[in-house]
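Colleague: I am new to this model and would like to know what the labels rest on. Please take me through them one at a time.

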Amino acid sequence: MESQQENRQDFEPFIVAFVCNWCTYTAADLAGTSRLQIPKNVHLIRVMCTGMVDSQYIIKALLEGADGVLVSGCHPGDCHYINGNFKARRRMKLLQAMLATMGIEPQRLRLTWIGASDGIQFAKTMRELVEQVRQLGPNPGAARSVA
Ligand code: FES
């Protein structure tokens, strides 16, 4: 039991983060220019809106090597495409239920709202997410074929 805990501490999860160009990506940029500490195991994919993050992108990421996926965009009411983030929220709920049936912990998928000026929040969320996924261990659904 103890060695399993130690193994988890050594485990470096690979996280794919789909981030909205208008909010979270800008926050990531701000976090970088502010020299905030951001885990290096988070791979950002910039999208124009969380509403365009298709379920297939998330499932593909989880099946091909990601240990966790984040979708992050504008706060409710701030979406540049009116309701893209609400569509994303509905999609994430369904996907989390579906992941459980695939044997993948729903906690591996997270949706957050991080505004453009929230560099500190961005860095904090990334650190928390990496730690949460580290505690879950390697994704049992990943084929580990992605380098
Ligand atoms: S434009 Fe940012 S979530 Fe829609």
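Predicted model: local features only at pLDDT ≥ 70, side-chain atom pairs only at ≥ 80, totals over all residues.

Colleague: Which strand pairs with strand 4?

Modeller: Strand 3 does, in the parallel sense and over 5 bridges; strand 4 covers residues 109-113. Ser72 stands opposite Thr112 there. Between strand 3 and strand 4 the chain passes through helix 4, and this β-α-β crossover is right-handed.

Colleague: Why is strand 3 called largely enclosed?

Modeller: Because 6 of its 6 residues are buried, where buried means under 20% relative accessible area. Gly68, Leu70 and Ser72 point one way, Val69, Val71 and Gly73 the other way, and all are buried. In a regular strand, side chains alternate between the two faces of the sheet.

Colleague: What does Val69 touch, leaving aside its neighbours within four places in sequence?

Modeller: Val69 is in contact with Val16, Phe18, Ile58, Ala61, Leu62, Arg108, Leu109 and Arg110. Val69 also belongs to the largest nonpolar core, which has 16 residues; Phe18, Ile58, Val69, Val71 and Leu109 touch the most other members. Strand 1, helix 3, strand 3 and helix 4 each supply at least two residues of this core, and helix 3 gives the most, with 4 residues. A second, separate core of 14 residues includes Ile15, Ala17, Phe122 and Met126.

Colleague: How do you know that a disulfide joins Cys23 to Cys74?

Modeller: The two sulfur atoms are 2.1 Å apart, and the cut-off is within 2.5 Å, so the pair counts as a disulfide. The structure holds 1 disulfide. This one links distant parts of the chain, 51 residues apart: Cys23 lies in the loop between strand 1 and helix 2, and Cys74 in the loop between strand 3 and helix 4.

Colleague: Why is the disulfide of Cys23 and Cys74 called right-handed?

Modeller: The torsion about its S-S bond is about 90°, so the disulfide is right-handed.

Colleague: Are Cys23 and Cys74 buried or exposed?

Modeller: Cys23 has 7% relative accessibility and Cys74 has a relative accessible area of 3%. Buried means under 20%, so Cys23 counts as buried, and Cys74 is buried too. Cys20, at 2%, is buried, and Cys49, at 8%, also counts as buried.

Terms used: Residues numbered from 1 in each chain as written. Heavy atoms only, no water. Buried < 20%, exposed > 50% of the residue type's maximum accessible area, 1.4 Å probe, protein only. Pairing = 2+ DSSP bridges. Right-handed = clockwise from strand over helix to strand, strands pointing away. Core = buried A, V, L, I, M, F, W, Y, C linked by side-chain atoms within 4.5 Å. Contact = heavy atoms within 4.5 Å.
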